[in-house]
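Q: I'd like a close look at one part of this model, the way its strands pair. Please finish with a pocket, if you would.

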Amino acid sequence: MNASMQMKQTAETLLTLSPAEVANLKEGINFFRNKTTGKEYILYKEKDHLKACKNLCKHQGGLFMKDIEDLDGRSVKCTKHNWKLDVSTMKYINPPGSFCQDELVIEMDENNGLSLVELNPPNPWDSDPRSPEELAFGEVQITYLTHACMDLKLGDKRMVFDPWLIGPAFARGWWLLHEPPSDWLERLCKADLIYISHMHSDHLSYPTLKQLSQRRPDIPIYVGDTERPVFWNLDQSGVGLTNINVVPFGIWQQVDKSLRFMILMDGVHPEMDTCIIVEYKEEWKAQFIKAERRKLLNYKAQLVKDLQPRIYCPFAGYFVESHPSDKYIKETNTKNDPNQLNNLIRKNSDVVTWTPRPGAVLDLGRMLKDPTDSKGIVEPPEGTKIYKDSWDFGPYLEILNSAVRDEIFCHSSWIKEYFTWAGFKNYNLVVRMIETDEDFSPFPGGYDYLVDFLDLSFPKERPSREHPYEEIHSRVDVIRYVVKNGLLWDDLYIGFQTRLLRDPDIYHHLFWNHFQIKLPLTPPNWKSFLMHCD
């Protein structure tokens, strides 16, 4: 595998706005200054849409000010030579047709705060362009396996993405909706390389990789150089993979003379998530970027309309809360219907859509030449089982249940030990942690305690000062498994293993971000803890 000589892509946060500042943005042009760096920025608001750029003219670096001649409130004028920029389009209108202004990435947090982020270089995939070549029928084929897992045939090479093919994700909260093809393990073993986008267990599935490692431990696996390593928990997992490659963002990785790929930072979670561009013979350049579940169908449809891909396939959302104790979540967590989304896209554009089923194969050469070709998409044989109707809960739940009986939890001092290890403090938040049974009722003999994160104390009662308060009711098997192994709290939060009560009802981003992303890379030293307890 060769990497071309390019500058890796980096991200820098240039400006942050509080939720109150975002709420006070006026329609049209807004000017901001970073008081720390002294740099100036422009935000343009049109209803719910935002655009942002540096307040810096491309001509000779002058500052922009409001253009009083613009009655529509969309343009700004340079204070040096009167160049004008239409901020709604990011195009210079005086002189016309001269430049486009580089846009900054806008990231919103869960509280509706805002950050302006600069990616450098902004479009690394434009480096080292190739001349296009035509694809033969059958030369590029995409086979859907499950959830976010695709098997790509590109000439004589094969790539597999995000293999989650057995077991649960997020402790015990997510289970596969689709029945994987029966030859899934053989497919993985034959792959030339595997790409894993990020560390969430519906993409990085240790049960799946354990089976793969027993057959082919040296299979090349590629991940991005994220702030928290994708395989941060590999040693503790017991999975014996020996050929994991961490590559820098924005650098072409050459597989052979026709095939290369580039891993990029994700626009929503750049500290932990990635996306990939695969380029084969330049005729086909596909971005596998997962749309966030929280975004609306109409937003996705508009995104497709704006990007104008040749083919659109919704994936990475095919899971089900199948354990009987999660019946309430299953009934209330209504998911976007891929068929409904694809119908909406077809209504608003000429983009070909594909709702994948396990084992279905898309022949890209045929689809690009003639989207109506009946051989362009080959569905699985008649009688193929599409949806799972049973799941092997037992072995996975037993692993979780074993933590409930662990000696650590015979000593109440584990609480101080754990939260000291976690390292989150100096934040005005009081949390009550309550261990529960399957139905989120208090677990008999379980722990019920307060943590004051302002000074990392463990009071018997809530402090008298004014403070935000949060109650976290967690199933005892999952919370103890997470604590024992020093795992991230995604298993609790994304896996539906908690019930939350907040007063006031505000999402504490710093708190949850720490426990979901920033916990120490090495687990607590419980062996030393137990020795001191004795």
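A: Happy to! Two strands count as paired if DSSP finds at least two bridges between them, and strands (E, at least two residues) and helices (H or I, at least four) are DSSP runs numbered from the N terminus. This is a predicted model, in which local features need pLDDT of at least 70 and side-chain atom pairs pLDDT 80 or more, while totals for chains, interfaces and linings use all residues. Residue numbers start from 1 along each chain as its sequence is written, and side-chain values use heavy atoms, without hydrogens or water.

Three strands make up an open sheet, ordered S3-S4-S5 with antiparallel pairing. Strand S3 (28-33) and strand S5 (49-54) are its edges, each pairing on one side only. Strand S4, residues 40-46, joins S5 through 6 bridges in the antiparallel sense. Within this pairing, Leu43 has Ala52 of S5 as its bridge partner.

Helix H3 (206-215), helix H4 (234-237), helix H9 (393-404), helix H11 (476-485) and helix H12 (490-493) each contribute at least two residues to the lining. By class, the lining of the second largest pocket holds 19 nonpolar, 9 polar and 3 charged residues.

Conventions:
Ala, Val, Leu, Ile, Met, Phe, Trp, Tyr, Cys and Pro count as nonpolar, Asp, Glu, Lys and Arg as charged, and the others, Gly among them, as polar.
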